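Hi,

Here's the structure I said I'd pass on. Have a look, and my notes on the packing and the strands follow below.

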Amino acid sequence: MKLYILNGPNLNFLGIREPAHYGSTTYAQLLEMIGTHCKEKGIEAVCRQSNHEGTLVDLIQEAYLEGADGIVINPGAYTHTSIALLDAVKSVMLPTVEVHISKVEEREDFRQVSYIRTACVKTITGHGVAGYLEAIDYLLDTVGERQ
Ligand code: DQA
């Protein structure tokens with residue numbers, strides 16, 4: 001099984017940015033956690049981060065072209081603005097899980113909108129970086145059933 005794990009803007013600053021919301025785990029540590037978890041489960045994980053909306057669209061298309069079985073994505077602030085990311089997920093038709101480290105539903109009004117959510121099979125919020133591993137496990141458990 002092959003999964004693309006995508007992170008949007010400012011998530012490369014994990015551990016530095018607003019620890020009260022996003023915790024103290026760095027992006028490098030997150031990658032290590034995901035790598036260890038996926039190795040244990042026999043999953044090939046392709047992890048990418050970009051601060052640019054178009055690059056994230058390219059990466060979603062790449063997941064399809066490279067034969068990925070699913071996508072885990074934390075689109076960062078593009079969650080709340082990007083129809084392009086919604087359309088990209090709809091285009092590739094890969095099972096996609098939306099992850100947010102913080103509990104977005106308890107934050108500002110502008111964070112209550114998620115364009116990408118309607119195209120996702122699941123949303124995980126407020127579980128910190130553990131949410132990425134939950135998303136991976138969810139896809140591992142459910143993707144086989146879809147094929
Ligand atoms: C976030 C929540 C978004 O509102 C914010 O813009 C982020 C991170 C999260 O992981 O909680 O960049 O997606």
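Let's start with Ile136: ignoring neighbours within four places in sequence, Ile136 is in contact with Leu3, Ile5, Ile34, His37, Cys38, Ile43 and Val72 (contact means heavy atoms within 4.5 Å).

Before you read on: this is a predicted model, where local features need pLDDT of at least 70 and side-chain atom pairs count only at pLDDT 80 or more, while totals for chains, interfaces and linings use all residues. Residues are numbered from 1 along each chain as its sequence is written, and side-chain values use heavy atoms, with hydrogens and water left out.

Ile136 also turns up in the largest nonpolar core, which has 22 residues; Ile34, Val72, Tyr132 and Ile136 have the most contacts inside it. (A nonpolar core is a set of buried Ala, Val, Leu, Ile, Met, Phe, Trp, Tyr and Cys residues joined through side-chain atoms within 4.5 Å; buried is under 20% relative accessible area with a 1.4 Å probe, protein chains only.) Two or more residues each come from S1 (2–7), H2 (27–41), S4 (96–100) and H5 (130–146), and H5 gives the most, with six. Helices (H or I, at least four residues) and strands (E, at least two) are DSSP runs numbered from the N terminus. There's a second, separate core of 18 residues, including Tyr4 and Val89.

As for S1, six of its six residues are buried: Lys2, Tyr4 and Leu6 on one side, Leu3, Ile5 and Asn7 on the other. S1 pairs in the parallel sense with S2 (44–49) over six bridges (pairing takes at least two DSSP bridges), with Leu3 opposite Ala45. Five bridges join S1 to S3 (70–74), also parallel, and there Ile5 stands opposite Val72.

Cheers

Note on methods: Buried < 20%, exposed > 50% of the residue type's maximum accessible area, 1.4 Å probe, protein only.
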